[in-house]
Amino acid sequence: MSLKKFDTKALDLILQKMIDTVGTSKDEIFRIGEQCRKDYETLTDELKEVKLNVAKIISTGDDLEVKTRFARKRLSEVSMHFKDYTEVEVREAYEKAHQLQMDLSMNRQTEKQLRDKRDDIERRLVTVHDTIERAEHLISQITVVMNYLTSDLKQMGEVLEDARLKQEFGLKIIEAQEEERKRLSREIHDGPAQMMANVMMRSDLIERVYKERGGEEAILEIKSLKKMVRSALYEVRRIIYDLRPMALDDLGLVPTLKKYLQTIEEYHQNVQINFQNIGAELRLPPQYEVALFRLIQESVQNALKHAQCSDISVKLEIRSDRVAAVIRDNGKGFNIKEKKGDSFGIMGMRERVELVEGQLSIDSKQGKGTVVIIQIPLSL
């Protein structure tokens, strides 16, 4: 699948909806758990009350059973000696035995109902307790999912976007390499090559002038030819310098930057470029010198091309543990949050800084210029 066609914003939207849905579900499960805890407390209190009532009804039933036995015994005695008791006493013995039997029966029925209720509450308590534990387990699992969604998967869009930009950056590098080859080809063809062809023509002309007009005019032509050769040599050196300044290998970073910035200032007469080196002119490993030179070169070129500035300052500080460079211009600035589809200069600078494990920060405000800060750790 092409990264260019992948809509990372749509992925972020889907992930956000997932996070919202999972978060809502988590809240709902939490509410269910809280309600279950309240129900558990209510059932626990109700169970205590039912158990107390069961104990009371059993105690009452035991008393009724004793009384009922005595009442039945009294009724049996009255029945056996019917003639010895009055009608009222017989009726009272019968009614009392009957009432106690009825009370005992009601007591047994109430006891059974209370026992059934107690057993039902105990079963419900087990179910509610299981529900609470499941809710807590689900909340724990959902929390893990939320952390995963809001950390790892939440960064997926950024990762894919970064991969897409790197893919485009790679393609831009290839295009830039081809454009650089074309530019070098044009510069060599239009500059040194054309001048060499003119040298050949002028050398033939000098020979003819010498034969036809004498030595003095031939010497004038030779002087003109020397200017042409000198100009061609300057163009060749400029092209080689753009490819890789030889002074960087021979003299080091600081002298090369001084010469480069001086040359750029001479070429751009309406821009003043100030260079300041803080501390000693220490030599660095070649990869660090190349990286710093290219980063500063890119920063200065960006200021010259886009900032419409009149002043550029470059400060360099080399220490034993780190090297820092600050490039500041007074140009029009730009919005660093706004990404231009055809601009990969800053991304290329970040890639180069990462290769030497450094840091790049850019601070720019529209109308207030731009500051580029480069910091690279060293272990000299």
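Helix 6 passes helix 7 in a right-handed crossing, meaning that the near helix is turned clockwise from the far one by less than a right angle. Helices here are DSSP runs of H or I, at least four residues, and strands are E runs of at least two, numbered from the N terminus. This is a predicted model, where local features need pLDDT of at least 70 and side-chain atom pairs 80 or more, while totals for chains, interfaces and linings use all residues. Residues are numbered from 1 along each chain, and side-chain values use heavy atoms, without hydrogens and water.

The axes of the two helices come within 11 Å and cross at roughly 20°; they are lines fitted to C-alpha atoms over the stretch in contact, with angles from 0 to 180 degrees between N-to-C directions. That angle makes helix 6 roughly parallel to helix 7, the term for angles under 35 degrees.

Which residues of helix 6 meet helix 7? They are Leu 253, Thr 256, Leu 257, Tyr 260, Leu 261 and Ile 264, contact being heavy atoms within 4.5 Å. On the helix 7 side, the partners include Phe 293, Ile 296 and Val 300.

Next, the core. The largest nonpolar core has 38 residues, and Leu 253, Val 300, Ile 312, Leu 316, Ile 327 and Ile 374 touch the most other members. Such a core is a set of buried Ala, Val, Leu, Ile, Met, Phe, Trp, Tyr and Cys residues joined through side-chain atoms within 4.5 Å; buried is under 20% relative accessible area with a 1.4 Å probe, protein chains only. Helix 7 gives the most to this core, with 11 residues.

Terms used:
Buried < 20%, exposed > 50% of the residue type's maximum accessible area, 1.4 Å probe, protein only. Parallel < 35°, antiparallel > 145°, perpendicular 65-115°, else oblique.
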